[in-house]
Structures are given as structure tokens and as C-alpha cells.
Amino acid sequence: MSSSETRPAEGAVAAVAPQLRELRRRAALTLEAAARAAGLSPAHLSRLETGQRQPSLPMLLSLARVYGTTVAELLGESAADRDAVVRAADMEPTAAGGWTYWRAGAPGRGMQALRVQVPYGSQGDVVRVHPGEEWLHVLRGRLRLRLGDTEHRLTAGDSAHFDSMTPHRIAAQDPDGVELLFVHTLLQSPTAALCLGPTPGETP
């Protein structure tokens with residue numbers, strides 16, 4: 001395959017540079033951290049962000065993975081095409097780390113919205129620390145939320161909003177489990193999997 005076949009079209013390249021910078025900013029990653037995660041040098045990523053160097057398709061794929069997005073968004077193509085409404089019938093349940101969740105928002109955005117079912121005893125001893133913010137709202141049941149050294153008990157109608165660099169644990173207080181609305185900014189972070197735990201087949 002020739003180099004021209006592995007690079008996006010010239011017109012697309014003009015849209016990539018500002019998108020790369022904006023997505024890295026939204027991910028709260030330094031140039032050095034983003035470059036390291038993508039297997040690039042900071043100088044190379046800087047040249048990509050300023051339009052001085054054209055990214056190859058493998059580079060775009062790596063950066064899309066780091067920023068939790070798609071090559072289409074890196075090329076500035078998908079934002080206007082996303083549906084604003086997510087229908088209940090289109091929400092497919094997914095199991096991850098003992099939780100069941102339904103995606104309640106569009107993919108590829110700076111925030112990810114989920115409806116989450118947390119069974120009793122599931123991951124209650126897992127402490128998470130990662131970049132971003134989290135907001136949750138209890139729909140049903142009672143929740144034990146530990147933030148740092150403080151434990152909070154939340155019931156239906158209660159909410160919490162916190163910096164997820166604060167060590168935190170989430171657990172259902174009752175045998176019937178707890179159901180939450182959950183919004184986080186981890187979609188743009190390479191550590192997004194730490195939120196919901198490993199998916200089947202992955203090692204913790």
C-alpha cells in the first residue's frame with residue numbers, strides 16, 4: 001500500500017489539526033501524555049496539532065483510541081450527523097465488571113451518559129481513581145458512595161457530582177441492587193475502562 005493510500009485526503013487534513021488539539025484538551029491530557037499513549041513523540045504530535053505534519057491512517061486510529069472517539073470525528077465529520085435523541089428501544093444492555101448498563105447518550109461526545117444497574121456486592125471493594133468528572137443520580141434503591149475517606153448513603157432522588165481523581169467506590173446497599181443515571185467525562189480518556197471495570201475477556 002502506498003503512502004498516499006494510508007493518508008487522509010488533503011481537504012480532511014485541514015480539519016484534523018484543530019480537532020486533535022481540542023480533543024486532547026477535552027481529555028485533559030498533556031501533549032506528552034497523549035503522545036506516549038499513542039506511541040508518538042511529543043514533537044510529532046505537536047506538528048500534527050499545528051498542521052505542520054500530515055497524519056497517517058494508523059496515527060489517526062491510535063489517536064482516536066486514546067481520545068475515545070472515531071476517525072470520523074477527528075476529521076470533523078460526525079458531530080453534525082449525530083442524533084440528539086436516544087430512544088429507549090435502541091438502548092441495548094451491556095454487562096461490564098458485574099454492572100449492567102444502557103448507553104443513554106450519543107457516542108463520541110465529551111460526556112458519556114449511562115443508565116446503570118449495580119447488583120448487590122458487585123465491585124463494592126474496587127477503588128477507582130482516573131481523570132474526569134462524574135455525576136450520578138439514584139433512580140431506585142440505596143447507594144453507598146465512598147469519596148476519599150468519607151462514605152455517603154444516597155437514596156432515590158439523591159445525586160452526587162465529584163472529581164473522579166478522588167478515590168471512589170460505588171456499591172449497592174440493599175440486596176435488590178441500585179439503579180443510577182450516570183454521566184462521566186471518561187469517554188475522552190484512555191482510562192475509560194476503569195469506570196465500569198473490565199469487559200468479559202479482559203484482564204483486570
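These are my notebook entries on the fold of this predicted model.

**Ground rules.** I worked from a predicted model, where local features need pLDDT of at least 70, side-chain atom pairs count only at pLDDT 80 or more, and totals for chains, interfaces and linings use all residues. Residues are numbered from 1 along each chain as its sequence is written, and side-chain values use heavy atoms, with hydrogens and water left out.

**Overview.** I counted elements first. The protein chain has six helices and nine strands. I took both as DSSP runs, numbered from the N terminus: helices are H or I with at least four residues, strands are E with at least two. Then I checked burial. Of the 204 residues in the protein chain, 39% are buried (under 20% relative accessible area, with exposed over 50% and partly exposed in between; 1.4 Å probe, protein chains only). I also looked at contacts (heavy atoms within 4.5 Å). Among those in the protein chain with a separation of 6 or more, 65% join residues 24 or more positions apart.

**Open sheet.** I traced six strands in an open sheet, in the order β1-β2-β3-β9-β4-β7, with antiparallel pairing. I counted two strands as paired if DSSP finds at least two bridges between them. β1 (94-96) and β7 (159-163) are the edge strands, each pairing on one side only. On average, neighbouring strands of this sheet are turned by 30° against each other, direction ignored. I looked at one pair within the order. Strand β2 (residues 99-103) runs antiparallel to strand β3 (residues 112-118), with four bridges. Tyr-101 stands opposite Val-116 in β3.

**Hairpin.** Next I went to strand β5 (residues 143-147) and strand β6 (residues 150-154). They run antiparallel and are joined by five bridges. Two residues lie between them in this hairpin, and Gly-148 in the turn has a positive phi of about 65°. I noted that Arg-144 stands opposite Arg-153 in β6.

**Helix pair.** I checked how helix α2 (residues 31-38) packs on helix α4 (residues 57-67). The angle is about 120° and the axes are 9 Å apart. Axes are lines fitted to C-alpha atoms, for helices over the stretch in contact; angles run from 0 to 180 degrees between N-to-C directions. α2 and α4 are therefore oblique to each other (under 35 degrees is roughly parallel, over 145 roughly antiparallel, 65 to 115 roughly perpendicular, the rest oblique). From α2, Ala-34, Ala-37 and Ala-38 make the contact; from α4, Ser-62, Leu-63, Arg-65, Val-66 and Tyr-67 do.
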